[in-house]
Amino acid sequence: MRILACDGIHADGLNLFKEAGYAVEVSEPIKDPQVLADKLADFDVILVRSATLVGAEALAKASKLKVIGRAGAGVDTIDVDAATARGIAVMNAPDGNTLAAAEHAISLLFALARHIPRADAGMKAGEWPKNGLTGFELEGKKLGVIGLGRIGATVARKAAGIGMEVAAYDPFLPSAAAGRMSVPMKSLDELLAWADIITLHIPRTKETTNLIGEAQMRAMKKGAYLINAARGGLIDEEALLKLLDEGHLAGAALDTFVTEPLQKESPLRNNAKLILTPHLGASTSEAQQAVSTILARQIIDFLKTGAVAGCVNLPPLTAEAAREVGPWMPLMTALGKLSARLVPAPTKLQITYAGRTEALDTRPLSRLLVAALLGSASGRVTPVNALHEAAARGLEVSETLGGDGDGFDRLLRIRVEGENGAREIEATLHRGPRVVRLDGVELDFDPGAHILLMRNEDVPGVIGHIGSQLGAAGINIINFSLGANGDGQAVAAITVDRPVSEQQLVGLRTVPGIVALAMV
C-alpha cells in the first residue's frame, strides 16, 4: 500500500502509516493537474491540505486510488463528485483543528477592535500612531455567528465568555435542532441587521458561495465589522471593498480568499480597513499534529477493517459495527458476483435482511453487494460509487429489514430481475457463508467456491454420468447439493476444486437429461 503525502502533512500521522506497514512518499504541493494525474497512477492514498487541488483531471489515471485524505476540515479543494464516481473515498479530520480555527477567529475579532496590525506597522516604521486608532470594547457588543457547527459553536462560547451578546444563523441546521441550541437563532436577515460584528463558520458550497454579497452587507449596521476565517468565496470580495470604501462597513478581517494564495496585485492588499492573514486558521502545531493523526487512524481503520469515520461520501461505520458486519462482507461480495452470473443485465435488485437485524448496519453490506453485482460489467465499482453506478445503469435497488428468518438467526434474501426473468437467492452465515435456497429450491453451497449449477430431468443416471466425466477430466467434486423443484426436474450445485473450462462444459451438456449447466 503506497501513500502520497503532499502539502506538509505532520510527521506524527505519517509515522502511523509507516508503523502499519505502508510505504509513504512525501511531496511538495503538486499544482499541475496533469503531473498529479501521472503521479496518482501508482498510489493507493493521497493526503493533502490546502495547496494541492485534487480535481477530476487529476483523478483520470488513479486506477489504484482508494482514499483521498484532507488533513483539515473542508474538502472544497477536492472534487468529491469525481472521486465518488471513481469509487474513491474522501476523508477529512474536522475535529482536529476546531480549537485552532475558533481561536484565530477570536484573534481577528480582537485585532479589529483594537487596530493591532496598523498600530504594530506604525510603531515599526518609527511612528507613534496613537491618533486615529481608538478602538472599541467587545464586552456588550453583539456578535452574529453564521454557522453553528464545531468551530462556530466554539467561537460563540468563547465570545460569550468575554461578555459579548451572541446569536447565530445556520443554513444547514434543521429548525427542530435549532430550537434546542443554547445560542439564540435568527434568520440571516435578522442576524445581519442585529449584529455589530458578523463572523462566518460554514463550508463553501454552491448554496453558500457569495452568501454575503452587496445586498447582505448593506443590510448590516452602518459601522459594523465582518470576519471570514472559514472558506474563501463566502463573501463577495469586490462588494466588500466597495462597502468599506463607502464607509458603510468599518472594517473586515479575512483569513481565506476566493483565490489562494492571494494574488500580489489584489486590491484587498491596499485597503487600510482590512486585516489579512494567509489562511492561518488551522496553522498551530497542535492542530496539525491532531489532524494528521486523526486522519491517519481513520484511513488505516478503513483499509484494514472497513470502519468508516470522517468520510464525506460513505455512511459512517464504527469499528464495533465494522466487526459486526465484517463476517458478512465476503458473503455479500460472493453473492453479488453470483447474481451477476445468474442475471447478466439486472434492472431491479431487492435485498431483504430477515431475522435478527437490529444490531446490523446494513448500509455497507448493500453497497458491497451492489458493487460486486455491477463490478464485472464495466469500470471500477466500489462501495463508494455503487449506488451512483446503479442509478446510472438503471438498476433499481431497494432494501427491507426484518421478517421471518425461516429458522435462521439472520437470513439474507436477494431477488434480482432482468430482461430474461428473475432469480432469487437465500443465504446465511450458518456454518460459514452459505446459499441455502436458490429460486425456491433448498440447496447448500458456498457461493465463493467454484460452482457448477445444473438443472436436469429428475431421472436416474444423470448424476453418475456427470461425476464420471468430471473425474475423467481430473476435476474433483468437493460437495454435491441436490434439490427437486417439483416439476419433474432437479437442481444441483456441484462444488468442484477448480474451474471447469467452456470446452469441458460443452461436453458435459451432452449428457442425456441435462437441461442447463453453467459455471457460476
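Author: A nonpolar core is a set of buried Ala, Val, Leu, Ile, Met, Phe, Trp, Tyr and Cys residues joined through side-chain atoms within 4.5 Å; buried means under 20% relative accessible area, exposed over 50%, and partly exposed in between (1.4 Å probe, protein chains only). The structure is a predicted model, in which local features need pLDDT of at least 70 and side-chain atom pairs count only at pLDDT 80 or more, whereas totals for chains, interfaces and linings use all residues. Residues are numbered from 1 along each chain as its sequence is written, and side-chain values use heavy atoms, with hydrogens and water left out.

Reader: Which residues touch the most other members of the largest nonpolar core?

Author: They are Leu47, Leu335 and Leu349, in a core of 68 residues. Helix H14 (residues 363-375) supplies the largest share of this core, seven residues; helices (H or I, at least four residues) and strands (E, at least two) are DSSP runs, numbered from the N terminus. Another core, of 32 residues, lies apart from it and includes Ile146, Tyr169, Ile202 and Met217. In soluble globular proteins, nonpolar side chains tend to be buried together.

Reader: What does leucine 335 touch, not counting residues up to four places away in sequence?

Author: With contact taken as heavy atoms within 4.5 Å, leucine 335 touches Leu369, Leu412, Ile414, Ile425, Ala427, Val435 and Pro447.

Reader: How do you know that strand E1 and strand E3 pair?

Author: Two strands pair if DSSP finds at least two bridges between them. E1 (residues 2-5) and E3 (residues 45-48) have three bridges, in the parallel sense, and therefore meet the criterion. Leucine 4 stands opposite isoleucine 46 of E3.

Reader: What is the order of the strands in the open sheet of five strands?

Author: The order is E2-E1-E3-E4-E5, with parallel pairing. Strand E2 (23-26) and strand E5 (89-92) are the edges, each pairing on one side only. Neighbouring strands of the sheet are turned by 20° against each other on average, direction ignored; axes are lines fitted to C-alpha atoms, for helices over the stretch in contact, and angles run from 0 to 180 degrees between N-to-C directions. Helix H11 (residues 285-305) lies across E3, strand E4 (67-70) and E5, at about 150° to E5.

Reader: What makes the unit of E4, helix H3 and E5 right-handed?

Author: The term applies if, with the strands pointing away from the viewer, the path from the first strand over the helix to the second runs clockwise. E4, H3 (residues 80-85) and E5 form a β-α-β unit of this right-handed kind.

Reader: How do E12 and E14 run relative to each other?

Author: Strand E12 (residues 346-355) and strand E14 (residues 410-418) run antiparallel and are joined by nine bridges; leucine 349 has valine 416 of E14 as its bridge partner. E12 pairs in the parallel sense with strand E13 (residues 396-401) over six bridges, and tyrosine 353 stands opposite leucine 401 there.

Reader: What makes the approach of threonine 277 to histidine 104 a polar contact?

Author: A polar contact is a pair of N or O atoms within 3.5 Å; within protein, one must be able to donate a hydrogen and the other to accept it, and residues adjacent in sequence count only if both atoms are side-chain atoms. The two side chains make this contact at 3.1 Å, and the side chain of threonine 277 makes another with that of aspartate 255 at 2.6 Å.
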